[in-house]
Amino acid sequence: MTKNITGFVVILGLPNSGKSTLLNVLLGQKLSIITSKPQTTRKRILGILSEENHQIIFLDTPGILTPSYLLQEKMMDYVKTSLDDADVIILMVDVQEDPFGEILSNQVFVKESALKSKKPKLLVINKVDLITQDKVNEIISHFESKNIFQEVIPISATLNFNILRLKEEIIRLLPEGSKLFPDDQLTDADERFFVSEIIREKILELYRDEVPYSCEVLIIDFRERVEKKDFISAEIIVERDSQKAIIIGKAGTAIKKLGQVARNSIEEFLQREVFLELHVKVRKKWRSDENLLKNFGYTKKD
Ligand SMILES: Nc1nc2c(ncn2[C@@H]2O[C@H](COP(=O)(O)OP(=O)(O)O)[C@@H](O)[C@H]2O)c(=O)[nH]1
Ligand SMILES: [Mg+2]
């Protein structure tokens, strides 16, 4: 009998380096929301890749940052527990923002925990489609000379370049073990979670400046109905009345647009039609409010 390989792989990096894009390309399905804005991912997203003799459980994490309010502290808690759970660590750098990993390795969490961990570490250089081969080689030599990484792998998550090699290296480093999830299970989160994430993604895409970062999306009702579309009611939580006005827009035009694009995307994800209802509520300073954050599902243990 061939042995099975099973284990957890955490994807760590600065905000916007392409962690969620990598998770999605590895899984061949869009699971984690992606935008051109940093701090898109707020919680830990688990993605399960099952193939014949192995199961790789990826943990996509919020970008590493120095927290300036409680929500960001909670986001960093997800990063920390994910590191604890991992069998293999992927550290990702973005060739444009931080090619030699200086900003990343200066983050206390990376310096003190991730780089000091005895677990196998892969250094992934992402977005190599944006630079020349010479530059790629220079960056590879830089990281190889540090002798802390099992492998240094240049990839382009958007172009699917070298993803197979990355996967092979991961499998080589993972422990033996039986599969932990059924082969057809892609994640541990439910449809509610993904629906709220899709709405949040559309808010990030459609609104500007600080507004999207002040939003949280709660699914209040999600019901299947006989001979009718599924009914979904979501609340968009903002911090100030002025933000509520922006989300709604003149005569409700902005929220109507949001509802349309979010519904299309939700239907694509769920592969069925839905009826989507959106409401906006103000919860002053929710991002710094321990109780509200708890209510919104930001808990340390998971
Ligand atoms: N050119 C290029 N852009 C990429 C690549 N991977 C990700 N991106 C872009 O980088 C941005 C951030 O990606 P995302 O996956 O949300 O980053 P995260 O914050 O680390 O999860 C998005 O606009 C992606 O389309 C890549 O390989 N090449
Ligand atoms: Mg992300």
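The legends below describe close-up views of a predicted model.

Residues are numbered from 1 along each chain as written, and chains are lettered from A and ligands numbered from 1 in the order of writing. Local features need pLDDT of at least 70, side-chain atom pairs count only at pLDDT 80 or more, totals for chains, interfaces and linings use all residues, and side-chain values use heavy atoms, leaving out hydrogens and water.

**View 1. The magnesium ion (ligand 2) and its protein donors.** Ser20 (OG) and Thr41 (OG1) lie 2.1 to 2.2 Å from the ion; donors are N, O and S atoms within 2.8 Å of the metal (3.2 Å for Na, K and Ca), and sites may look incomplete because water is not among the atoms. The pair links distant parts of the chain, 21 residues apart: Ser20 is in helix α1 (residues 19–27) and Thr41 in the loop between α1 and β2 (45–51). Helices (H or I, at least four residues) and strands (E, at least two) are DSSP runs, numbered from the N terminus. Ser20 is buried at 9% relative accessibility, and Thr41 is buried at 7%. Buried means under 20% relative accessible area, exposed over 50% and partly exposed in between (1.4 Å probe, protein chains only).

**View 2. Arg200 in helix α7 (residues 191–206).** Arg200 is buried, with a relative accessible area of 3%. A polar atom of the Arg200 side chain lies 2.8 Å from the backbone oxygen of Thr40. Leaving aside neighbours within four places in sequence, the contacts of Arg200 (heavy atoms within 4.5 Å) include Thr41, Arg42 and Glu216.

**View 3. Ala251 in the loop between α8 (241–248) and α9 (253–270).** Ala251 has a positive phi of about 55° although it is not a glycine. Ala251 is exposed, at 86% relative accessibility.

Key: Polar contact = N/O pair within 3.5 Å; in protein donor to acceptor, adjacent residues only side chain to side chain.
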